[in-house]
Amino acid sequence: MFFQKDIETMSRKQLEELQLERLKWTVDYCYKNVPFYTKKLDEAGVTADKIKSLDDIRYIPPTTKADLRDNYPFGLFAKPMKEIVRLHASSGTTGKPTVVGYTKHDLDLWSDCMARLCTAAGATSDDIVQISFGYGMFTGALGLHYGLEKIGATVIPNSSGNTEKALMYMRDFGTTVLVATPSYALYMCETAKSLEYPMSDYKLRLGLLGSEGCTPEMRTQIENGWGLFATDNYGMSELIGPGVSGECQERCGLHFNEDYFLPEIVDPETLEARDEGEYGELLVTTLTKEGIPLLRYRTRDITKLNYEPCKCGRTHARMEKVQGRSDDMLKIRGVNIFPSQIESVLIGMDQVSPHYQLVVRREGFADTLEVQVELVDSSLLDSYGKIQELQKNIAKRIQTVLGIQCKISIVEHGTIERFVGKAKRVVDLRKENK
Amino acid sequence: MTPVKQISVFVENKHGKLSSIARHLADNGVSIRALCMADTTDFGIFRLIVSDYEAAEKALKAAGVTCSVTEVLVVEIEDTPGAFADAMSLLADNSISLEYVYAFLTPEVGKAYIIIRVEDNAAAAKVLSDGGIKIVSQDEIKANA
Ligand SMILES: [Zn+2]
């Protein structure tokens, strides 16, 4: 099923011509309407005329999250507030949030993007969809909300929070599609199983997961727990919100909405283009956005792109699941580590829950990594030996994957915080120790 | 051979954890007959013999505590020097190795109970009763409450 078949299946040649034309427009639009870009492009000596092919994008300097923060709140807006119809903000862990503004045109393209991805995932006008992302300033909930309404699905704007009530709506309204973060989808499933209602009271058939990474193992756990088919989607508020890319039912990569967003994969240190199929940092240039156009935005996400046409018929490039954020990347004793790697080890084990926390410390001159996991297999309580065996086993598997030693702490089930939004798995105490 | 049910509870070494477990049991009318707590530097396993293990398990699970029920052997010996040594010798002589053991005095003067965790309860029970040692049943534990 397609929402806009002509665009989603257009030939690569046509698509690239469209991208080039829109890239030129965006460079010119940024230059004329955003003083930040006027200065930046002047310094780099780039004008729209200099862009003769898509490869010429390399002359354009990248934009970072810090640029958005430094221009808080409206410094990067290309339109006067009169034409801005919506604001969203993403919470910053330090200092000011990042504020994004949308024109009517932007909201329209956003809901088109979402409608395409939801249709590709299998949602239809027959579905009853419960949105369990938090509403408010976060882009996730409203992004899915408008896209799903556009395809004619019935939307329940349940938001996140009262899980038991959300489960009651699910049972009583016959919800067929769940929109949630993977960790919340899992938490809802744990809660559902602890209630007196049988799982057959739930009619979920599709999960549209997003806003945080999801390993294949975690997805399997969500699918088995709920008896649904889950797809992943990707985006970020700086670019538009969710809707940048998403999986079709083939689930072999996330189709990029390439007519609206131009992706590049570069070396995170040198920013030089990586060969097709190589991992690197994803940079995205918006192609038609009016509120906040962005040139070569550094997503900090590590992934790769596949330009082969998909079995589903779509020609838009497929992005692999994000392997890690270069922000989240931990350097421990010189080794680059992504929390997702540890997650994939834990999710393959029945004795512990998939919730975990990493604590990094500096002891003497060496960094240490502690992985806290929750014990769920109570049969191990029979002897210390069994629990110690489990600790050793986890440590060994992590060492195989990461190449470093770590300490495994077993904690009680339910004591690691469940996250509704982006999960914060890492506590880095190295800075505090000086 | 009638093994007795023992509750094992996982406890992180956190302040106040044991008192909260004991409180959950008390609030549900469960009395503790015997207990043993050993720990490593990170965590401990709290083992309990209680008046009503089903009520105890239900109360703990409802409180979200990770616990399990295992079968252990409880035997009665005289509260005299050498009685414990004799019982242990019987097991050792028959190559039955112990995972852990703990003991408590009974309300009945002059007797003591030993709680024994072995691989094969039936084999250990046979060795001990053949050696003239009385095996205590679940009902007797309950009756003593
Ligand atoms: Zn596809």
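**Notebook: chains A and B**

**Entry 1. The interface.** I began with the contact between the two chains, which takes 15 residues from chain A and 23 residues from chain B. The model is a predicted one, and I read everything below as such. I then looked up the area buried between chain A and chain B, which is about 1,600 Å². Carbon and sulfur atoms give 52% of that area.

I next checked for charged pairs across the interface and counted zero salt bridges between chain A and chain B. For polar contacts, I noted five residue pairs between the two chains, with both residues at pLDDT 80 or more.

Which elements of chain A give two or more residues to the side that touches chain B? I noted helix 11 (384-402) and strand 20 (407-411). Helix 11 of chain A provides the largest share of that side, with four residues. By type, I sorted the chain A side into six nonpolar, six polar and three charged residues.

**Entry 2. Chain B overall.** I turned to the make-up of chain B and counted five helices and seven strands. Along the sequence, I read their order as β-α-β-β-α-β-α-β-β-α-β-α. Chain B has 145 residues, and 47% of them count as buried. I also looked at how far apart in sequence the contacting residues of chain B are. Among contacts between residues at least 6 apart, 69% join residues at least 24 apart.

**Entry 3. B:Lys111.** I picked out this lysine and placed B:Lys111 in strand 6 (residues 111-118) of chain B. Is B:Lys111 buried or exposed? I have it down as buried, because its relative accessible area is 18% and the cut-off for buried is under 20%. I then looked for a polar partner and found that the side chain of B:Lys111 makes a polar contact with the side chain of B:Glu78, at 2.6 Å. Setting aside neighbours within four places in sequence, I listed B:Glu76, B:Ile77, B:Glu78, B:Asp79, B:Leu105 and B:Thr106 as in contact with B:Lys111.

**Entry 4. Helix 3 of chain A.** This helix spans residues 35-44, and I noted A:Phe36, A:Tyr37, A:Lys40 and A:Leu41 as its buried residues. Viewed down the axis of helix 3, these residues fall within an arc of 115°, so they line one face of the helix. An α-helix has 3.6 residues a turn, so residues three or four places apart point the same way. On the face turned away from the buried side of helix 3, I found the exposed residues A:Pro35, A:Lys39 and A:Glu43. I checked what covers the buried residues of helix 3, and the cover includes helix 2 (12-33) and helix 4 (65-70) of chain A. Just after helix 3, A:Gly45 takes a positive phi of about 65°.

**Entry 5. Helix 9 of chain A.** I repeated the check on helix 9 (residues 216-226), where A:Met218, A:Arg219, A:Ile222, A:Glu223, A:Gly225 and A:Trp226 are buried. Why do I put them on the same side of helix 9? They cover an arc of only 165° around the axis, which puts them there. Just after helix 9, I noted a positive phi of about 70° at A:Gly227.

Key: Residues are numbered from 1 along each chain as its sequence is written. Chains are lettered from A and ligands numbered from 1 in the order in which they are written. Side-chain values use heavy atoms; hydrogens and water are left out. Buried means under 20% relative accessible area, exposed over 50%, partly exposed in between (1.4 Å probe, protein chains only). A polar contact is a pair of N or O atoms within 3.5 Å; within protein, one must be able to donate a hydrogen and the other to accept it, and residues adjacent in sequence count only if both atoms are side-chain atoms. Contact means heavy atoms within 4.5 Å. Buried area is the accessible area (1.4 Å probe) that two parts lose on being put together, summed over both. A salt bridge is a side-chain nitrogen of Lys or Arg within 4 Å of a carboxyl oxygen of Asp or Glu. Ala, Val, Leu, Ile, Met, Phe, Trp, Tyr, Cys and Pro count as nonpolar, Asp, Glu, Lys and Arg as charged, and the others, Gly among them, as polar. The arc is that of the directions from the helix axis to the C-beta atoms.
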